[in-house]
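These are notes for a colleague opening this model without having seen it before. Please keep the sequence and the structure side by side while reading the points below.

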Amino acid sequence: MNQYVVLRVVTKLMIPVIMLYGLYIQFHGEYSPGGGFQAGIIFAAAFVVYSLIYGLDGAQEAVPPEAAHILAALGVVLYIGIGIAAFFLGGNFLEYKVLLSDDHAAETLGIIGIELGVGITVATVALTLFYSFAGRESD
Amino acid sequence: MVAIAIVRIRNLFAVTMLSGIYSLLAATLFVILDAVDVALTEAAVGAGIMIILMLGTLALTTSKEKVHDKGQNLLALGVVVVTGAGLIYGTLDMPHFGDPDAPAHTHLSPHFTQESVDEIGIPNMVTSVLASYRAIDTLGEAVVIYAAAVGVLLVLGSGAVRRRRRKEEDHS
């Protein structure tokens with residue numbers, strides 16, 4: 001679809017906004033609707049839009065499928081890691097209160113941490129699914 | 001009405017578009033019910049990414065549904081009617097919608113709505129329920145999503161092999 005100038009220019013303008021909105025939803029999730037899941041999907045949508053207009057190869061150069069696989073696993077590992085960190089600091093699994101001395105700060109830190117893990121996993125999984133569907137040729 | 005159209009129409013491209021509309025309608029319904037977090041998810045996943053994936057599938061297969069005309073299966077109709085009647089009978093025992101005396105509203109909900117800000121320290125109680133009180137639940141969700149990706153990769157392949165092969169062809 002890269003022969004349409006209007007589409008190309010509008011996409012170029014929109015992609016940073018979409019990514020910024022994704023990050024906003026990710027890190028503002030404690031105050032407004034949103035969280036890792038929604039943010040991950042919106043962030044992945046930016047890459048999907050890019051590859052719809054500019055072709056799949058460009059998107060796969062920016063985020064190679066292999067990197068997406070590793071990041072998807074890392075998101076889950078980050079989540080479990082926070083749980084186990086609480087475990088080793090004397091609390092229960094995923095009990096954030098032991099992470100810092102201040103209860104509220106510890107809870108916020110834990111929530112931001114696991115939301116980040118969820119966000120990374122969801123974004124890269126959505127991207128992986130899109131790559132595997134769009135990367136196949138009809139036969 | 002959109003749901004009926006989805007069932008009746010045989011052109012899968014139109015069905016994909018209609019299911020996007022259905023997701024968007026569901027999202028507006030969630031907004032009306034004050035469930036903004038769910039609405040955001042429904043709009044992003046149902047109306048956004050899912051449609052793209054479905055279109056990708058259609059590009060790989062065909063956009064016409066094959067019609068099998070085998071007559072009506074009366075036994076299947078009977079099973080569906082009986083199961084549906086049983087489910088509807090089951091809902092009669094449930095508390096009415098928005099009933100303040102429902103068990104869900106007398107035990108945990110007041111605790112979450114009134115004390116979560118003091119206990120967790122963040123204003124959005126949906127996030128504090130999801131990520132703190134129900135953190136292991138959310139961990140399960142994250143693992144399920146990861147498992148879905150692994151499954152798709154096993155079935156479809158990542159496209160990386162094909163890309164490498166194409167590169168080698170370019171070099172030779």
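1. The core. The largest nonpolar core holds 55 residues, and those with the most contacts inside it are A:Ile41, A:Ala44, A:Ala126 and A:Phe130. A nonpolar core here is a set of buried Ala, Val, Leu, Ile, Met, Phe, Trp, Tyr and Cys residues joined through C-beta atoms within 7 Å. A residue is buried if 20 or more other C-beta atoms lie within 10 Å of its own, exposed if 12 or fewer, and partly exposed in between, with C-beta atoms placed from the backbone. Two or more residues of this core come from each of H2, H4 and H5 of chain A and H3, H7 and H8 of chain B. H5(A) provides the largest share, 15 residues. Helices (H or I, at least four residues) and strands (E, at least two) are DSSP runs, numbered from the N terminus.

2. Basis of the model. This is a predicted model, in which local features need pLDDT of at least 70 and side-chain atom pairs count only at pLDDT 80 or more, while totals for chains, interfaces and linings use all residues. Residues are numbered from 1 along each chain as its sequence is written, and chains are lettered from A and ligands numbered from 1 in the order in which they are written.

3. Confidence. The pLDDT is the predictor's confidence in each residue, from 0 to 100. Chain A averages 83, with 96% of the residues scoring at least 70; chain B averages 77, with 74% of the residues at that level. In chain A, the lowest mean among the elements belongs to helix H3 (residues 56–62), at 82, and the highest to helix H1 (residues 5–27), at 88. Where pLDDT is low, the predicted coordinates should not be read in detail. For the complex, the predictor gives an ipTM of 0.77 and a pTM of 0.77.

4. Chain A overall. The secondary structure of chain A comes to 5 helices and 0 strands. Its C-alpha atoms fill a box of roughly 60 × 35 × 20 Å along the principal axes. Of its 139 residues, 46% count as buried. Two residues are in contact if their C-beta atoms, placed from the backbone, lie within 7 Å. Among the contacts in chain A with a separation of 6 or more, 63% join residues 24 or more positions apart.

5. Helix H2 of chain A. In H2(A), 15 of the 19 residues are buried. The end C-alpha atoms are 27 Å apart, which agrees with the 27 Å that 19 residues should span at 1.5 Å a residue; the expected span is 1.5 Å times one less than the number of residues. Just after H2(A), A:Gly55 takes a positive phi of about 95°.

6. The contact between the chains. How many residues does each chain bring to the contact? Chain A brings 48 residues and chain B 42 residues. On the side of chain A that touches chain B, helix H2 (36–54), helix H4 (65–88) and helix H5 (103–134) each supply at least two residues. H5(A) gives the most, 19 residues. By class, this side of chain A has 27 nonpolar, 16 polar and 5 charged residues. Ala, Val, Leu, Ile, Met, Phe, Trp, Tyr, Cys and Pro count as nonpolar, Asp, Glu, Lys and Arg as charged, and the others, Gly among them, as polar. Leaving aside neighbours within four places in sequence, A:Phe130 is in contact with A:Val48, B:Ile52 and B:Leu53.

7. Helix H8 of chain B. The buried residues of H8(B) include B:Ala135, B:Leu139, B:Ile145 and B:Leu153.

8. A loop residue to look at. B:Asp34 is in the loop between helix H2 (12–32) and helix H3 (36–60) of chain B. Its phi is near 70°, a positive value in a residue other than glycine. B:Asp34 is exposed, with 8 other C-beta atoms within 10 Å.
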